[in-house]
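Work through the exercises below with the sequence and the model open. Each task is followed by a solution in steps.

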Amino acid sequence: MELVADKQKTALEMLSSALVCGEVEIVDLTHTLDPDFPVIVLPPEFGQCARFRMEEISAYDHRGPAWKWNTFTCSEHTGTHFDAPSHWVSGKDLPNNTVDSIPSENFIGPVVVIDCSDGAAADADFELTPAMIENWEAEHGRIPEGCWVFMRTDWGKRKGAAYLNMQDDGPHSPGPTPDAIKLLIEHRNIRGFGTETVGTDAGQGMHYTPPYPAHYYLHGAGKYGLQCMANLDLLPATGAMILCAPLKIKNGTGSPLRVLALVPKGEQ
Ligand code: 23J
Ligand code: MN
């Protein structure tokens with residue numbers, strides 16, 4: 001009698017079993033869309049970002065006896081959201097620079113997390129620098145090409161006015177220096193950069209050269225941004241993957257979305 005060899009499991013079958021048995025866990029990195037969640041506030045001469053709003057169409061009543069539904073409105077850049085290259089002037093002429101045209105393989109991939117939470121707790125204007133990235137790499141290895149890089153600040157745990165941290169001279173929240181973002185793009189060729197703060201840039205990011213350097217360099221290089229994320233403290237420094245598919249808005253510069261991380265058990 002012929003022996004039937006055990007069929008080798010495909011990568012997807014292995015992932016499926018890992019999810020079923022809890023070997024790989026799902027961590028939600030998304031804030032709830034809520035009218036109270038802060039949006040970026042720009043200097044008054046500029047157009048402003050709309051908060052999330054919801055209006056009831058019917059709720060099992062005379063407007064619709066057996067159904068409930070709502071209409072919501074918001075900016076492309078409200079809540080936990082994705083930034084496409086067309087969001088910034090530096091990326092305006094790139095091919096596939098809008099949320100509906102970005103090739104979808106970019107919406108799933110590995111992520112590394114640089115923990116800046118101690119620095120951000122001590123200084124609201126904490127800067128992620130090239131030296132910090134190199135120190136991180138000395139401990140965790142080189143940032144792989146095509147990887148998402150998340151800057152953990154625990155800013156997602158802030159409530160109310162402490163989130164934007166608006167002062168007389170504008171908002172104060174941590175972010176990367178121009179050189180740090182250039183290092184990640186030019187020498188590591190990352191796929192995108194994600195933060196827990198209201199932008200990929202620091203609150204005072206308009207004072208760098210160029211202003212808002214994360215937006216300027218990332219989108220000019222065809223890279224993506226994720227902002228207003230939550231729960232980055234539940235991710236390992238390396239070894240997680242994210243799913244981050246924006247809504248398919250025609251010519252959209254960004255979109256609110258659900259960001260999910262796949263994390264090996266016991267690594268959070
Ligand atoms: C417009 C202008 C400046 C910034 C932003 C938007 C964002 O942070 C955003 O949501 O992309 S810094
Ligand atoms: Mn944005």
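**Exercise 1.** At roughly what angle do the axes of helix α3 (residues 130-140) and helix α5 (residues 178-187) cross?

*Solution.* The model is predicted.
Step 1: The axes of α3 and α5 come within 8 Å and cross at roughly 45°.
Step 2: Angles under 35 degrees count as roughly parallel and those from 65 to 115 as roughly perpendicular, so α3 is oblique to α5.
Step 3: On the α3 side the contact is made by Pro 130, Ile 133 and Glu 134, and on the α5 side by Asp 179, Ala 180, Leu 183 and Leu 184.
Step 4: Sorted by type, the residues of this contact are five nonpolar, no polar and two charged.

**Exercise 2.** Which protein atoms are donors of the manganese ion (ligand 2), and how are the donor residues spaced in sequence?

*Solution.*
Step 1: The protein donors are His 77 through ND1, His 81 through NE2, Asp 83 through OD and Gln 227 through OE1, at 2.1 to 2.6 Å from the ion.
Step 2: The spacing of the donor residues is H-x3-H-x1-D-x143-Q.
Step 3: Asp 83 lies in strand β4 (residues 81-83) and Gln 227 in strand β12 (residues 224-227); 144 residues apart, the pair links distant parts of the chain.

**Exercise 3.** Is the site of the manganese ion (ligand 2) octahedral or irregular?

*Solution.*
Step 1: The angles among the six donor atoms run from 57 to 177°.
Step 2: Six donors count as octahedral if opposite donors are over 155 degrees apart and all others between 65 and 115.
Step 3: The site is irregular.

**Exercise 4.** Are Asp 83 and Gln 227 buried or exposed?

*Solution.* Buried means under 20% relative accessible area. Asp 83 has 0%, so Asp 83 is buried. Gln 227 has 2%, so Gln 227 is buried.

Methods
Residues are numbered from 1 along each chain as its sequence is written. Chains are lettered from A and ligands numbered from 1 in the order in which they are written. This is a predicted model: local features need pLDDT of at least 70, side-chain atom pairs count only at pLDDT 80 or more; totals for chains, interfaces and linings use all residues. Side-chain values use heavy atoms; hydrogens and water are left out. Axes are lines fitted to C-alpha atoms, for helices over the stretch in contact, and angles run from 0 to 180 degrees between N-to-C directions. Helices (H or I, at least four residues) and strands (E, at least two) are DSSP runs, numbered from the N terminus. Angles under 35 degrees count as roughly parallel, over 145 as roughly antiparallel, 65 to 115 as roughly perpendicular and the rest as oblique. Contact means heavy atoms within 4.5 Å. Ala, Val, Leu, Ile, Met, Phe, Trp, Tyr, Cys and Pro count as nonpolar, Asp, Glu, Lys and Arg as charged, and the others, Gly among them, as polar. Donors are N, O and S atoms within 2.8 Å of the metal (3.2 Å for Na, K and Ca); water is not among the atoms, so sites may look incomplete. Four donors count as tetrahedral if all angles lie between 85 and 135 degrees; four count as square planar and six as octahedral if opposite donors are over 155 degrees apart and all others between 65 and 115; anything else is irregular. Buried means under 20% relative accessible area, exposed over 50%, partly exposed in between (1.4 Å probe, protein chains only).
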